Amino acid sequence: MSPGPEPGYEFPEGIPIDAVPVGSTLLVTGPALSRTEDLALSLAACGTESQEGALFISTNTTAERLLETCRQLQPSFDAARAGIVDCSGQDLGRARFEAQVKSISTQSDLTGIGMKFSSLYESLYADARDGRVRTGLASLSSLSMYVDLRSLFQFAQTLSGRIDSAGGLGLFTLDPTTHDTKTVNTLGQAADGRVEVREADGADGELRVRGLPAQSSDWRPFSLS
Amino acid sequence: MSTYRILCVDPDDADRAETAARIRSDLADLDPVVETAGSLADAEAALTPETAAIVTEYTLPDGTGFDLVRSTEDVCPDAGVVLYTDTDPETIDTSELRGALAEYVGKGSVFGADRLTQLIRTTVESRAQASYPLPQNETERVAALQSYDLDAPGLSASLNRVTDLAAEHFDVDIASINIISEHSQEFLACYGATQEWESMDREDSICTFTILEDDDVMTVEDVTTDPRFESRSEDLLEMGIQAYMGANLVTEAGLVIGPLCIYDDRPREFSSADEAYLKALAALAMDLIELYNRADAEDSGEWQR
C-alpha cells in the first residue's frame, strides 16, 4: 500500500466497510448465489459520483449488461467515468457506449487483458479526481478456467501492483466454493485483504473484512440499492 | 536486498537517455544500476539473473519488446517488463505472448514518465510480476539468510546426517535442506538424487510456497493434482517428485530461511505425526546452523569437526 496521508476509499451507506487505504486490493469472496459480484461492482462503481474513475474487467458479462447492472446498483453511476475490458467473447460490433470499452477475444490472453486494462487506466486516471480509480475484476474464478493458477496469480499480482503504484483501489471477486483452499490462499496473496460474503435472511447478505487494519472482522449485514 | 538492475531499451537515442535519466533521478533513493540498449540483441546481451526490471519500446530494430519478454523468462524470470511505447496497444498482437505478462505505459500519456517510474518502483520493490507469492517479511528474511555462514566447516556434513535421518524415517529416496534466496533455491544438504540437482529458479521451486506456511509445514500429496504445481508436474515427475513434505527452518527471530524436505515418487498422504517429526528435524537443522555460526563467530573451534 502506498504511504501518505491521502484519504482512503469510502463506500456507500449500507455497506459496512470503513475507508480503505489508497493502493489497496481486496479479494471479494463468496458463493455464486450470494451477491458477491454485485457487492464488488457497487464498491467499484460508487466512486464515479465523486469524480473517481471506475474500471472493470468483465469475464462473463458483456459491457452492456455490466453498465446496466452498475446503474441498477448505483443510480448515481456515471458511465462517462467508467472503462470496461470486455472479455466475454461477445462481438462488440459497432456498439457505442457511454463508457470506454475495449474487448478481448479470449480470457486466456492475460497479456491482452493487462495491456487494455493499463491503457484504460491511463485514460481514466487523467480525468479522475486526484487520479483516483477503482478497479473491479469479476471474476478470477472465470479466468481460472482458462489459465493455470501460477499464471493467474502472476496476473492478479501484476494488476495489484499497478493499482498500488497508482494509488487506486482493486476489488477482485472469487467464488471459493469452486476452488480448493490452496488456490484461494494463493490468490489471496495478491491482495492486501479480503471481504468475505455470505447469504443472510432479511438483508442482501452479510460481509466481514479480513486482513485490513482498523476494520471490524465481525459478520455484518449489508444492503445494495 | 541486492542492488536493483534496470534495463532501458529504446532505439531512439534521445528517448533512451531521457528515460534512463528519469529513472536514475526519480528512483535515486534505491540507487539502482541503470543500463541501456538500443536493440533487441544488445538488450539480450545485457540481461543478467539480477535484472529486476526492463523498460522497453515495443518496436525494436531487430525484433519487438515481446521477444525481449521471452528472453527475460529464461534469464531473469522474476524481472518485471514494462512496455513504454509510442505504439498503439490496439495494434499489438498480444496473443503471441500468452503465458507471459508485460505492463504497458504509453509514452504519449499525460502522465507517462511519472507513472512509469512509480510503476518501476512497485515492480522492483514488490516483485509485482513474479509468478509466486512472497512472504510479507521477505526483506528481513533474505537479510537473515545472508547473515549466516552456510559454508562453515563441518556444517554440511552435519546437515547431511539430518537429511539421512529424514530419508530413513520416511522411507524415501530423496531428502534435502533447501535455502530460498532472493531469486533461487539452493541445495544446502541432501540425501539421494538431489546431489545431482543444481540450483533452480524460485518460480520452479515447491519450497518457495512452503516458506509461506503459517504453521511452517506443507504437504503435497500429488503434484499432478495440486493447482500450484500441476503445470510443472511433468518436470517434477522427471525428478522423481510426486509427493512432497517440507518443514521450515526458522531462525530465533522467527524468519524462515528455507525448508527440510522429503520427496516421494508416488502419491502419498502424510499424517500429523509425520508433520511433527519433520518439523522436529527441521528445528534440529536450524539449531545446527545457529551453533556452527556461533562457534564460527567465537572462533573457538569447539563445534568444528
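Buried means a relative accessible area under 20%. The model discussed here is predicted.

Me: Why is B:T19 called buried?
Reply: The relative accessible area of B:T19 is 9%. The cut-off for buried is under 20%, so B:T19 with its 9% counts as buried.

Me: Where does B:T19 lie, and what is B:T19 in contact with?
Reply: B:T19 is part of helix α1 of chain B. Neighbours within four places in sequence aside, its contacts are B:C8, B:V55, B:Y84 and B:L116.

Me: What makes B:D10 buried rather than exposed?
Reply: For B:D10 the relative accessible area is 5%. Buried requires under 20%, and exposed requires over 50%. B:D10, at 5%, is therefore buried.

Me: What is the place of B:D10, and which residues is B:D10 in contact with?
Reply: B:D10 sits in the loop of chain B between β1 (5-9) and α1 (13-26).

Me: How many cavities of 30 Å³ or more does the structure hold?
Reply: There are five cavities of 30 Å³ or more. The largest cavity has a volume of about 100 Å³. It is lined by 13 residues, and B:Y4, B:A52, B:R127, B:E182 and B:H183 are the closest to its centre.

Me: Which elements of chain B each supply at least two residues of that lining?
Reply: They are β3 (51-56) and α4 (112-125).

Me: How do the lining residues of the largest cavity divide?
Reply: Four are nonpolar, five polar and four charged.

Technical notes
Residues numbered from 1 in each chain as written. Chains lettered and ligands numbered in written order. Predicted model: local features only at pLDDT ≥ 70, side-chain atom pairs only at ≥ 80, totals over all residues. Heavy atoms only, no water. 1 Å grid on protein atoms, 1.4 Å probe; cavity = no way out; pocket = protein on both sides within 12 Å on 5 of 7 lines; lining within 4 Å. Points joined across faces, edges and corners; volume = space filled by probe spheres on them. Helix = DSSP H or I, 4+ residues; strand = E, 2+ residues; numbered from the N terminus. Nonpolar A, V, L, I, M, F, W, Y, C, P; charged D, E, K, R; others polar. Buried < 20%, exposed > 50% of the residue type's maximum accessible area, 1.4 Å probe, protein only. Contact = heavy atoms within 4.5 Å.
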